Amino acid sequence: MGEGIPLVLMRVPEAVAEFLSSLRAKKLSPHTLAGYERDLRLVALAAAGVAGVPVEDLEVRSLGGRLVRAAFADFAEPRSPASVNRAWSAWNQFLTFCVAEGMLEGNPMAAVPRPKQPAKAPKPLLGDGTASATLLERIAAGAREARDPWVERDLVVLALALVTGMRSAELLGLTLGSIGGAQGDRRVQVVGKGGKARSLPIEPPIEHLIDAYLASRLTRFGLTTLPRSAPLLVDLRNEPLRRGGLQYLVRQCYRYAGIHDRVQKGTLVHALRHEFATRLAERGASAHELMELLGHSSIVTGQAYVASTAREVRHAARGNPAYAVLEGLRPDAPDPGTPRAG
């Protein structure tokens, strides 16, 4: 602080509460906010233990480099490098906030070592590239055994993930109104990380699957219509499908389709996202097109550029091999051995 300007005195729990309140203006997801709160609380408890005071009495002005470094050493011992990196980032942002608010003279995180992590490699489904086709075909044929099977719903979940590369939270956030556009030129409006929206093209095969699923949903629950605000994906009680239910559904589909041994460790729903990106890259999609489709935050171009490349992005998405499988699953699809007229 400048000479003669005293530090603002505040205890760490109160400062954390103010910091988390400031993050809500960024429209972060509840899951992200919970992660910040957890990491800040656990390292604060470690710092209080090192300082020998109850965490309620730990003052922000006491958070010097030596104390924070010791706290992170205790926090890191039983945890993975990824967990320590996440906490390091949370605390770096928190202490930067404290400096801006006049509670600290400087951010001490420069004194805290940050573990190196190897670059993450994509984790698509293992094998010769046919696992996604096997998954769709076997689930469409009713391979998933359940007390109350719902093939149409299961197939839409898998197909949407495979032809759009959406994250779990993005899939679960879809409503009927998220799908728009003229027939044959439909798009799905997705809200991604940080509230960033993007528009993803879908092709007729997935449109037909969605229509069949919605018709089955009306019949299953004795409904005549569904509002555009209704969640697209629901459970067996017609309640919005949630994260745990989605994970269970996908895990069961892998198992009954006989491809559970092709799912790499640490992935589940996310394996379908990696499968989407990997197979498109193999068929010539550019890095820029993939970043557009996946909604990566590293894209720095404006929305006008996105709009100007919409046709190229749709062309890249159309190359997804899952579409050929889905086309063959349509009830009115021609027999592959039937010669075409003309």
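This briefing covers the cores, the sheet, the aromatic pairs and a few single residues of the structure above.

The model is predicted: local features need pLDDT of at least 70, side-chain atom pairs count only at pLDDT 80 or more, and totals for chains, interfaces and linings use all residues. Residues are numbered from 1 along each chain as its sequence is written, and side-chain values use heavy atoms, with hydrogens and water left out. Helices (H or I, at least four residues) and strands (E, at least two) are DSSP runs, numbered from the N terminus. Buried means under 20% relative accessible area, exposed over 50% and partly exposed in between, with a 1.4 Å probe and protein chains only.

**Nonpolar cores**

- A nonpolar core is a set of buried Ala, Val, Leu, Ile, Met, Phe, Trp, Tyr and Cys residues joined through side-chain atoms within 4.5 Å.
- The largest nonpolar core has 60 residues, of which Ile 206, Leu 232 and Tyr 254 touch the most other members.
- Elements that each supply at least two residues of this core include α5 (131-140), α8 (204-221), α9 (243-257) and β2.
- Helix α6 gives the largest share of this core, nine residues.
- A second, separate core holds 37 residues, among them Val 16, Val 43, Val 68 and Phe 94.
- Leaving aside neighbours within four places in sequence, Tyr 254 is in contact (heavy atoms within 4.5 Å) with residues including Leu 125, Leu 135, His 260 and Leu 272.

**Aromatic pairs**

- Rings of Phe, Tyr and Trp (its six-membered ring) pair if their centres lie within 6.5 Å; planes under 30 degrees apart count as stacked, over 60 as edge-to-face and the rest as tilted.
- Seven aromatic pairs are counted by this rule.
- One of them joins Trp 91 and Phe 94, edge-to-face, at 5.2 Å centre to centre with 85° between the planes.
- Trp 91 and Phe 94 lie about one helical turn apart, because they are three residues apart in helix α4 (residues 81-100).
- Both of these residues, Trp 91 and Phe 94, are buried.
- One aromatic cluster is formed by Phe 19, Tyr 36, Trp 91, Phe 94 and Phe 97.

- Two strands pair if DSSP finds at least two bridges between them.
- Three strands make an open sheet in the order β1-β2-β3, with antiparallel pairing.
- Its edge strands, β1 (179-180) and β3 (197-201), each pair on one side only.
- Strand β2 (residues 187-191) runs antiparallel to β3 and is joined to it by five bridges.
- Val 188 stands opposite Leu 200 of β3.
- Arg 198 is found in strand β3, and its relative accessible area of 10% makes it buried.
- A polar contact is a pair of N or O atoms within 3.5 Å; within protein, one must be able to donate a hydrogen and the other to accept it, and residues adjacent in sequence count only if both atoms are side-chain atoms.
- The side chain of Arg 198 makes such a contact with the side chain of Glu 170, at 2.9 Å.

**Cysteines and Ser 83**

- A disulfide is a pair of cysteine sulfur atoms within 2.5 Å, and the structure holds zero disulfides.
- Cys 98 is buried, at 0% relative accessibility, and Cys 253 is buried at 0%.
- Ser 83 is placed in helix α4 and counts as buried at 18% relative accessibility.
- Ser 83 and Asp 39 are 44 residues apart in sequence and 8.8 Å apart in space, C-alpha to C-alpha.
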